[in-house]
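Please read it alongside the sequence and the model.

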Amino acid sequence: MSLWHHLISRLPFDWAAFAFMRTALLAVLIASPLFALMGTLVVNNRMAFFSDAIGHASLTGVGLGVLLGLADPFWALLGFGLVLGVAILWLQRITRSAMDTVISLSASFSIALGVALLSRGGRFNQFSRYLVGDLLSITPAEIGQLFVVALVVGGGLLLGYNRILLVGVNESLARSRGVNPWWTQMLFCGAVVMVVTMNLGWVGLLLVNSLLIIPAAAARNLAGNTRQYVLGAAVIATFSGVTGLVLSYYAETATGATIVLVAIGCYVLTLAAQAFRR
Amino acid sequence: MPPSGHHHGVASHQCGECCTTLDHLGVALNGQVVLEDVSLHLHCGELTALVGPNGAGKSTLLRALLGEVAFSGAIHFLPVFGHGREDAPVVGYVPQQLDFDRHSPLSVRDLFACGLSSRPIAVWRSRRDQETARAALAAVEAEHLLDRKAGQLSGGELQRVLLALSLTPPPNLLLLDEPVAGVDLGGREMFYRMVSGLRRRLDLSILMVSHDLPGVASVSDRIVFLERRIMAMGSPSQVLVDPLVRRSFGLDTPAILPA
C-alpha cells in the first residue's frame with residue numbers, strides 16, 4: 001500500500017499528490033476488470049434490469065441501516081440486496097410473470113421504502129451522497145476489503161463462467177449438461193449484489209449499474225467471441241475508470257458520473273466502428 | 001428395416017431389451033394434471049416420435065426425463081452394458097428453438113466449451129475442447145461453423161450444432177424437443193437424415209417431440225400420440241391411419257381449392 005502511494009506520488013500530475021486520489025485510482029483499477037467480467041455475463045443473460053434493481057434497492061438498505069442505528073450501512077445494504085435478489089428470482093419462478101414486471105415491482109417497492117425511511121423528519125438531503133457517490137468514502141481499509149472481494153468474486157465468476165452462460169442460453173440444456181440452473185442463478189445474483197454493494201459508496205446508486213453494463217455493451221459491438229468480449233470489456237472499463245477519475249479531479253465533477261460519461265463515449269465509438277466495418 | 005425389429009430375439013445385443021422405461025408416469029403442474037398414466041419403453045437403436053396437439057404434455061414428458069419436474073410413477077434407466085449407473089445415464093438434449101441473446105458474441109466454439117468443460121471460456125482456449133468440438137461438428141456436417149457466432153446461424157445450422165453438442169459425450173438417451181420447428185424444409189430434411197443415421201450408428205434410443213407428423217413418419221420407428229395420456233402408439237403406418245390422429249392433425253380435411 002505504501003509502495004503504491006510512493007510510486008504514484010512520483011507521477012508528474014497534480015492529482016497524484018493527493019492520497020485520496022491515489023487510493024481512488026487503486027479502487028478503480030481493482031473494480032473495473034471485475035465490473036467488466038461480471039457485466040459480460042449480466043448483459044448476455046439479459047439481467048441488466050435485475051442488477052439495476054439491486055442498485056436502487058440499496059436505498060432501502062441505507063434506510064434500514066439508519067433505522068438500526070448502524071454507523072456503516074454496509075451489512076444492511078448487503079443483506080437487503082440479497083433478500084431482494086432471492087425474492088425476485090423466487091417470484092419469477094412462482095408467478096411465471098414476465099421478469100421485467102417482477103423486477104419493476106420489486107424495485108418500486110424498495111425505492112419507495114428507502115425514500116420513506118430516509119425522508120423521515122425531512123432529513124433526506126444528508127443521504128444524497130449515496131445517490132451520486134463520494135470518492136472520499138474509499139478508505140485505505142476499504143481498499144483491502146475491495147481487493148479481497150474482487151479476488152473471491154472474480155475467481156468464483158471465472159470458475160462458474162461457462163455454467164452461468166449456459167444457463168442464460170437455455171436452462172434445460174444447462175441441466176442436461178449437469179448444471180443446476182437454480183443454484184447457478186442464485187450464486188450469480190449473490191455475486192452481483194456483492195459487487196454492486198461494495199462499489200456503491202464511491203459510484204453512487206444512480207449509476208452503479210452503468211459501470212456493469214456499458215463496458216460489456218461496448219465490447220460486444222466489436223467482439224467475435226467470448227474471449228474478445230471479456231478482454232474488450234475489461235480494457236474499456238479500466239480506460240473509462242482511470243480517465244473518468246482524472247477528468248473528475250480537474251472538472252470537479254462526481255467521479256461515478258464522469259466515468260460513466262467516458263464509458264458512453266467508448267460505446268458510441270464502438271458503435272461507429274461497427275457501422276464502419278460493415 | 002421393420003420398426004423396432006433390431007433387438008427382437010437378439011439376446012446377445014449389448015444393451016438388452018429396453019433402455020428406458022416410463023412406468024405409469026404422471027405430472028401435475030400448478031394443480032393441473034398435464035400427464036397421466038404414461039407407460040412407455042424406449043429401445044436402443046430406435047427413434048420414437050412423440051406427437052400431439054399443443055399443450056398435450058410432450059415437452060413436459062421430456063422435462064420429467066431430464067429431472068426438471070416432479071412426477072409420480074417411475075422412470076428406470078437400465079444400465080448400459082459395461083458402464084453407466086442405473087440412476088445416472090448420459091442424457092443428450094436438443095432444445096426447441098433457442099430464445100437466447102442473438103447479438104451475443106458467443107461463438108459456436110464457445111458454446112461447445114461451455115457445455116463440455118468448466119475451464120472459463122472468458123480467458124481460456126483449450127486445444128482439447130477445440131478438437132472435440134471440431135470432431136463433433138464434423139459428424140453433423142457443421143465443421144465450418146466452428147468460429148461463427150451462434151446467434152447468427154440459421155435455424156437449421158444452430159440445431160445441427162446443438163445436436164453435435166448433445167452427442168458429446170455419446171449419450172444413452174437422446175431427447176429432441178421440436179428440433180426442427182422454425183427450420184426450413186431443406187434444413188429439416190438434413191436434420192432428420194442425420195438423426196436417423198445416428199440411431200443405428202450409435203445404437204441410441206431417441207425420443208423426438210414434433211409437430212411435423214408427415215416428416216417424422218418417414219424417419220421414426222415408432223410414433224406415440226400423446227394428449228395428456230397415450231392415445232395411440234405403434235409403427236408410423238399404424239399410427240398414420242388412426243382416426244383420432246388423422247382428425248387431430250387434420251389429415252382428412254380436404255385441401256381448400258380456389259374457386
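Is the crossing of α3(A) and α5(A) left-handed or right-handed? The crossing of α3(A) and α5(A) is left-handed, a term used when the near helix is turned anticlockwise from the far one by less than a right angle, with right-handed kept for clockwise.

This is a predicted model, in which local features need pLDDT of at least 70 and side-chain atom pairs count only at pLDDT 80 or more, while totals for chains, interfaces and linings use all residues. Residues are numbered from 1 along each chain as its sequence is written, and chains are lettered from A and ligands numbered from 1 in the order in which they are written.

**Helix pair in chain A**

The axes of α3 (residues 48-67) and α5 (residues 99-118) of chain A come within 8 Å and cross at roughly 25°, where axes are lines fitted to C-alpha atoms, for helices over the stretch in contact, and angles run from 0 to 180 degrees between N-to-C directions. The two helices α3(A) and α5(A) are therefore roughly parallel to each other, a label for angles under 35 degrees. Residues of α3(A) including A:Phe49, A:Phe50 and A:Leu67 meet residues of α5(A), among them A:Ile103, A:Leu113 and A:Leu118; contact requires C-beta atoms, placed from the backbone, to lie within 7 Å.

**Chain A as a whole**

Chain A has 12 helices and zero strands, these being DSSP runs (helices H or I, at least four residues; strands E, at least two) numbered from the N terminus. Along its principal axes, the C-alpha trace of chain A spans about 55 × 55 × 35 Å.

**Contacts between chains and domains**

In the pairing of the chains, 27 residues of chain A are in contact with 27 residues of chain B. On the side of chain A that touches chain B, α7(A) gives the most, with nine residues.

Within chain B, the domain assignment, which is automatic or from a database, gives domain 1 (12-90 + 169-249) and domain 2 (99-168). The centres of these two domains of chain B, taken over C-alpha atoms, are separated by 25 Å, and 13 residues of domain 1 are in contact with 10 residues of domain 2.

The table gives residue classes: Ala, Val, Leu, Ile, Met, Phe, Trp, Tyr, Cys and Pro count as nonpolar, Asp, Glu, Lys and Arg as charged, and the others, Gly among them, as polar.

| Contact of α3(A) with α5(A) | 16 residues | six residues | one residue |

Conventions
Contact = placed C-beta atoms within 7 Å. Parallel < 35°, antiparallel > 145°, perpendicular 65-115°, else oblique.
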